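Please look over the sequence and the 3D structure below before reading on. The paragraphs after them go through selected features one at a time.

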Amino acid sequence: MNKYFLAFTAIAGLTFTSCSSDDDSLELSPCDNCTIEFEVPDSYTFTRDGSSTVSFDGQTTRIKMGQELLSNFNVPTNSVDDLNGMFAHVEGDSDFEEVALNESDKSLRSKVAASADYFSTNATDQALIRADLDGFISAQVSEVYPNWEVAAEAGVPGQLADGESTRYVNANGLEYNQMFAKSLIGGLMTDQILNNYLSTAVLDEAENISNNDADIVEEGKDYTTMEHKWDEAYGYAYGLNTDQANPNADLGADSFLNEYIERANADSDFEGIADEIFDAYKLGRAAIVAKDYNVRNLQAEIIKENISKVIAIRAIYYLQNGKTKLEGDTPNFGGAFHALSEAYGFIYSLQFTRKPNSSEPYFSKDEVDTFLSTLLADGENGLWNVEAATLDAISDDIAARFDFTVEEAAE
């Protein structure tokens with residue numbers, strides 16, 4: 001764990017003393033005038049005049065929409081319009097089983113590649129990314145559904161056995177539902193957290209600082225705009241947890257970022273990463289209440305670093321898992337292609353990560369596109385011909401940008 005983080009977590013629930021500093025590094029520098037003191041709660045619980053100031057209903061709604069869309073991906077009676085309705089929902093349309101979702105003005109697609117930092121001036125890449133996810137939906141219907149009962153083989157879409165499960169793949173062996181789900185983790189959840197709601201462009205927009213300093217709340221609400229923006233970043237990670245104030249008690253509550261924070265944390269090499277993320281969220285929110293924006297910004301950088309790390313860990317994990325299942329005289333193609341389809345989505349999500357103290361992702365869109373092309377380039381039929389050396393090379397390149405090894409991530 002980072003040494004600055006150990007210092008912060010040791011005082012959870014106690015008084016936190018902040019040092020003002022002009023140092024832009026992740027560590028707080030020693031100073032002589034440590035004058036701001038504030039309480040850091042044990043849970044993500046914040047109130048004003050006896051009412052909770054925490055609100056992220058929109059994030060919970062979108063995660064629920066994503067959950068229902070995923071559950072419908074492998075229902076071959078669905079049409080493109082059925083699936084697109086769930087992805088690009090229009091208020092009032094009957095796209096979902098849950099009435100409240102149909103009544104919502106929220107949609108998934110409108111928030112894909114929509115961050116202030118990465119896409120407010122990059123409509124070209126935004127359009128390409130949204131088209132990619134649209135394409136996964138349309139190809140599932142046009143390519144995979146017609147071959148639902150066909151045995152897949154190289155160049156032929158259809159079904160593959162994977163133990164007690166059945167996988168449905170395209171002609172290249174890719175599962176569109178896994179590509180879509182894992183790409184959405186990057187294109188929606190990660191991008192909105194790291195590059196939008198934790199961005200100073202959003203947190204400090206317009207009069208947000210002065211209003212927060214004066215405890216001026218939004219009309220009809222109990223929270224300031226800055227508090228709410230931070231909470232919205234929190235909601236994309238923990239919006240479906242049963243105990244949203246203590247989410248690490250039931251990690252894995254959704255099929256998106258929450259699940260993979262839990263998976264990374266379950267690896268002994270990364271045990272504690274879930275606490276690092278949650279505690280940074282909590283301390284950053286407490287710092288907003290205390291008007292200490294230096295501490296707030298430091299916590300945002302910790303979150304950016306660790307959520308980015310989760311994406312990279314899982315990309316390598318699935319590349320290596322897929323490689324293992326292809327080994328031997330009787331390869332498990334169903335299991336291998338399932339893992340490599342997940343790897344595809346996590347690699348895709350690397351373009352939405354954020355290097356701390358930087359305006360850049362760990363990997364550019366061009367680098368990600370190259371990885372994905374390489375993954376499918378060993379033969380004419382994509383994953384059916386993928387070589388172990390290719391999977392190792394991509395894994396090595398990803399790990400080289402982080403502070404862990406391929407071997408650690410592969411466990």
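This is a predicted model: local features need pLDDT of at least 70, side-chain atom pairs count only at pLDDT 80 or more; totals for chains, interfaces and linings use all residues.

Residues are numbered from 1 along each chain as its sequence is written, and side-chain values use heavy atoms, with hydrogens and water left out.

Helices here are DSSP runs of H or I with at least four residues, numbered from the N terminus. Helix α2 covers residues 57–73. Buried means under 20% relative accessible area, exposed over 50%, and partly exposed in between (1.4 Å probe, protein chains only). Because 13 of the 17 residues of α2 are buried, the helix is largely enclosed by the rest of the structure.

How many salt bridges does a search of the whole structure find? There are 21, a salt bridge being a side-chain nitrogen of Lys or Arg within 4 Å of a carboxyl oxygen of Asp or Glu. In one of them, D231 pairs with R285, with the closest N and O atoms 2.8 Å apart. D231 belongs to helix α10 (residues 225–238) and R285 to helix α12, so the pair ties together parts that are 54 residues apart in sequence. D231 is buried at 0% relative accessibility, and R285 is buried with a relative accessible area of 0%.

K323 and D392 form a salt bridge with closest N and O atoms 2.9 Å apart. K323 sits in helix α13 and D392 in helix α16 (residues 388–399), so this pair ties together parts 69 residues apart in sequence. K323 is buried, at 16%, whereas D392 is partly exposed, at 25%.

A salt bridge of 3.3 Å, N to O, joins the side chains of E360 and K355. E360 is partly exposed at 42%. Salt bridges that share partners link R48, D215, E227, D231, R285 and K291 into one network.

K291 lies in the loop between α12 (273–289) and α13 (293–326). K291 is not a glycine, yet has a positive phi of about 65°. N357, in the loop between α14 (333–349) and α15 (365–375), is likewise not a glycine and has a positive phi of about 55°.

Finally, the surface. E407, in helix α17 (residues 406–410), counts as exposed because its relative accessibility is 57%.

Notes. Helices (H or I, at least four residues) and strands (E, at least two) are DSSP runs, numbered from the N terminus. The expected span of a helix is 1.5 Å times one less than its number of residues.
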